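I opened the notebook on this structure today.

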Amino acid sequence: GPARQLAGITASGELRVGTPADYKPYTYRLGHSGDYLGLDIDLAAGLAKRLGVRLTMVPTSWPTLLADWNADKFDIAVGGISITPERQQHALFSIAYQRDGKTPITRCDNVQRFQTLAQINQPDVRLIVNPGGTNERFARSHAPRAQLTVYPDNVTIFGQIAAGKADLMMTDAMETRLQQRLHPELCAVHPDQPFDTADKAMLLPRDPALKALVDQWLQERITSGALQQDVKHWLAFPWALEPLRQAIDQRLLLAEPVARAKWNRQAPIEDLPREALVIAAAVKQGSALGLPTQRVEAVFRAQIEASKTVQRELYQRWTAQHAGRFDDAPDLATDIRPELDRITTELLAALAANQAILLDANRRDEVAQGLRTLDATALSAAAAQQALAPLINFQ
Ligand SMILES: O=C(O)C(=O)C[C@]1(C(=O)O)C=C[C@@H](O)C=C1
């Protein structure tokens, strides 16, 4: 296990938390921003706060979890980790914060076919599993006669079942509940009556003092109902929309350094030739992703107008304050516009990935809910609304 215990962690000012970030709603890492999200990420952040130290997330994987643990790559690990005898030989566990268990997830027309392990443990059944964790162990011991595909990517594995490349996967009920929402063709078979029970807990070093502290802190969250609230939040979380929300937010947040750069040169806020370039580049990239020109134009026009709203509000404030030059202004051409161009690519990819949801009139509330919380609202609420308008009020 790791070298450090409670005293070492507090002295260093840092809690290193390992996580196999491929397991929604417990732990997930967004590809474009590298942000970690999920129930267990919130738990890790809460614990770091309780310890008064900063949080550093360390990526690991299910097959290498124990090896990374023994190589001292992190102090604790989270991410929907089940308590198992094997893991208990290497580590302590906190008290459990979730009870879960294996249940099938399959195409909805197959739900009756895969109710029992006897039905699943048949040579004509194509089972798929992610390697290295308790799912693989469960599949091998309970369905040895089925055809087993070991598929290494836990993020795209559900798409394999949806596409008919495999019949079913058996995984924790919590994950099946979430994935059936993300993939409407898929159904969790009996998530309220899983085949076995597994308790989810934090993996801790062999330090009774740290375990006592973590257990007490977790128990408080369980007793107060805060944990159940978190579970509900992360089960309902609009995972697919998050990259789009982040791209919009990051772009709008850049309006502030843009304004500082221009203020120092007393340059006008509006640069129409640049706007035309931004939109032309977005339209071109967007068409390669199958996005209609008008749609891309409307979305980017709104982002640019929102940026100008922020910039104008800042100019007004700075004028009123008789503000001088900023010492820390970035350079527009070399620092910020390349960043804006990078976000253009991300925003378009997220737009393309979400076209179906964004065009679905029945999911308008979900879209509004998923996009509406922007950090940039603190800069300008009016600008945030402008930026979101073509996505939320899309008819
Ligand atoms: O690049 C700038 O100068 C910006 O202010 C950013 C931006 C944009 O959002 O892309 C906004 C307003 C300008 O008219 C041109 C472009």
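I looked up the pairing of β2 with β3 (residues 27–29) and found two bridges in the antiparallel sense. Two strands count as paired if DSSP finds at least two bridges between them. The elements are DSSP runs numbered from the N terminus: helices are H or I with at least four residues, strands are E with at least two. I noted Tyr23 opposite Thr27 in β3.

This is a predicted model: local features need pLDDT of at least 70, side-chain atom pairs count only at pLDDT 80 or more, and totals for chains, interfaces and linings use all residues. I number residues from 1 along each chain as its sequence is written.

Next I traced the sheet. It is open, with three strands in the order β2-β3-β4 and antiparallel pairing. The edge strands are β2 (22–23) and β4 (36–37), each pairing on one side only.

Then I turned to the ligand. I found 13 residues around it, and Glu270, Asp271, Arg274, Ile304 and Ser307 come nearest. A residue is near if its C-beta atom, placed from the backbone, lies within 6 Å.

Which helices supply at least two residues each of the shell? They are α13 (272–288), α14 (293–320) and α15 (332–353). I see α14 giving the most, with four residues.

By class, I have six charged, five nonpolar and two polar residues in the shell. Charged means Asp, Glu, Lys and Arg; nonpolar means Ala, Val, Leu, Ile, Met, Phe, Trp, Tyr, Cys and Pro; the others, Gly among them, are polar.

Last, I checked confidence. The protein's pLDDT (the predictor's confidence in each residue, from 0 to 100) averages 95, and 99% of the residues score at least 70. I logged ipTM 0.96 and pTM 0.80.
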